[in-house]
Amino acid sequence: MSRKADRTARGRGSQIRPANRFGGPSYEDDFEQLESDPEGLDEHLVALRNLPTEYLPDHSRSVVSRNDSPDIPFTYSLNPYRGCQHGCSYCYARPTHEYLGWDAGLDFEAKILVKEDAPDLLRAFLSRPGWVPEPIVMSGVTDPYQPGERRFRITRRCLEVMAEFRQPVSIITKNALILRDRELLEVMASENLVHVNVSMTTLQADLSRSMEPRTSIPSARLRAIRALSELGVPVRVLIAPVIPGLNDSEIPAILQSARESGATDAGFQILRLPLAVAPIFQEWLGREQPGRQAKVEQRIRTMRDGRLNSVEFGKRMRGEGEMARRIGDVFRLFARKYGLDGGLPPHDSSRFRSPTAESDQLWLF
């Protein structure tokens, strides 16, 4: 194997560090300076290939965010982590790491901020006298069941708080780790308090491992859909993102497999490439799918008015033009065919209760 072939961070979706749009230092490997120092080069390459994940404390003073975007179908969300080990090359959340002074590439995957106080902050939020219960989404930005959740169990503890308050919640994940909490989710589902949305991009294990390296493989996600459905948990499959020229042809098969596994509703979202996500995805595409790169980029541009991304509400999630209409038509046709177009049963917000209000304990929040 050549030295050039070894210059990759294993298990990472990005292999670059785009400059932070807010300024500050940027870094680029300069291997030529080490060519005369074979030992130093080998040491550097080993460190690069085995880039460790760092877990850092996040001392946020609030944990529930309010969303005002008109094309996002929820108002409140909770993200236990910032950054995501899943390393999806297309992840629209990557630029959020730039607010922290890091890059949207490898830093987003390897520097994970952990909100260890999230369960207590959530309890304080739900205990406010002015809280009118409505569903809270976990997570909306980064995956609540990314690998670090095995260690920190923050998502689990937040769900325990929600179950105690009988607070409705919708979960979005692409990790079968969610099955660890199946007993809790079963109880919440019996009270119409929980929906689970499982994101599927492909049924091809090799494509998934390349494009979203630390997520669960497609067959594991389908098993999770089946297991949760058998417990009575309402499950929606999300084909997100749809990448024209890469996975759009899989829409019918994904919907069929999801239905056969027990999902009862489906949704989709067209690929978004905001800010630094564009060069990260383009680098991945050229490295892993070079024969498709030109076609994929051209089709993305046909849906984005000649650009790689659109920020316009109403268009950024669905795209525009003939290609976008065709994808939408195919999705709706097969969602209807497989009975995945009826929505999920509504959450029951009437069950909400504040345990603190039923006791003599007073809160200072």
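**Entry 1: ground rules**

Two strands pair if DSSP finds at least two bridges between them. Helices (H or I, at least four residues) and strands (E, at least two) are DSSP runs, numbered from the N terminus.

I am looking at a predicted model, where local features need pLDDT of at least 70 and side-chain atom pairs count only at pLDDT 80 or more, while totals for chains, interfaces and linings use all residues. Residues are numbered from 1 along each chain as its sequence is written, and side-chain values use heavy atoms, with hydrogens and water left out.

**Entry 2**

Strand β5 covers residues 111–114, and four bridges join it to β1 in a parallel run. I then traced the whole open sheet: three strands in the order β1-β5-β4, with mixed pairing. Its edge strands are β1 (54–57) and β4 (81–82), each pairing on one side only.

**Entry 2: the whole chain**

I counted twelve helices and ten strands in the protein chain. Next I checked burial, where buried means under 20% relative accessible area, exposed over 50%, and partly exposed in between (1.4 Å probe, protein chains only). Of the 365 residues, 54% are buried. I also checked contacts, meaning heavy atoms within 4.5 Å. Among contacts with a separation of 6 or more, 79% come from residues 24 or more positions apart.

**Entry 3: the nonpolar cores**

A nonpolar core is a set of buried Ala, Val, Leu, Ile, Met, Phe, Trp, Tyr and Cys residues joined through side-chain atoms within 4.5 Å. Which residues touch the most other members of the largest core? I found Leu 122, Ile 136 and Leu 255, out of 65 residues. A second, separate core has 20 residues, including Leu 271, Val 277, Ala 278 and Trp 284. In soluble globular proteins, nonpolar side chains tend to be buried together.

Leaving out residues up to four places away in sequence, Leu 255 touches Val 237, Ala 266 and Phe 331, among others.

Is strand β10 (residues 265–270) largely enclosed or open? Six of its six residues are buried, so β10 is largely enclosed by the rest of the structure. Asp 265, Gly 267 and Gln 269 point one way from β10, and Ala 266, Phe 268 and Ile 270 point the other way.

Five bridges join β10 to strand β9 (residues 235–242), and the two run parallel. Val 237 stands opposite Ala 266 in β10. Between them the chain goes through helix α9 (residues 251–261), and this β-α-β crossover is right-handed. Right-handed here means that, with the strands pointing away from the viewer, the path from the first strand over the helix to the second runs clockwise.

**Entry 4: helix α3**

I found helix α3 (residues 118–126) mostly covered, with eight of its nine residues buried. Leu 122 and Phe 125 are among the buried ones. The buried residues of α3 pack against β2 (64–66), β3 (76–78), β6 (136–138) and α5 (154–165).

**Entry 5: cysteines**

How many disulfides are there? Taking a disulfide as a pair of cysteine sulfur atoms within 2.5 Å, I counted zero. For Cys 84, the closest cysteine sulfur is in Cys 88 at 6.3 Å, which is too far for a bond. Cys 84 is buried at 7% relative accessible area, and Cys 158 is buried at 0%.

Most residues other than glycine have a negative phi, and most peptide bonds are trans. I went looking for exceptions.

- A cis peptide bond joins Met 138 and Ser 139, with omega about 5°; Ser 139 is in the loop between β6 and α4 (149–152).
- The bond from Ala 240 to Pro 241 is also cis, with omega near 0°, and Pro 241 lies in strand β9.
- Arg 166 is not a glycine, yet has a positive phi of about 55°; this partly exposed residue has 26% relative accessible area.
- Asn 192 has a positive phi near 55°, and sits in the loop between α6 (182–190) and β8 (194–200).
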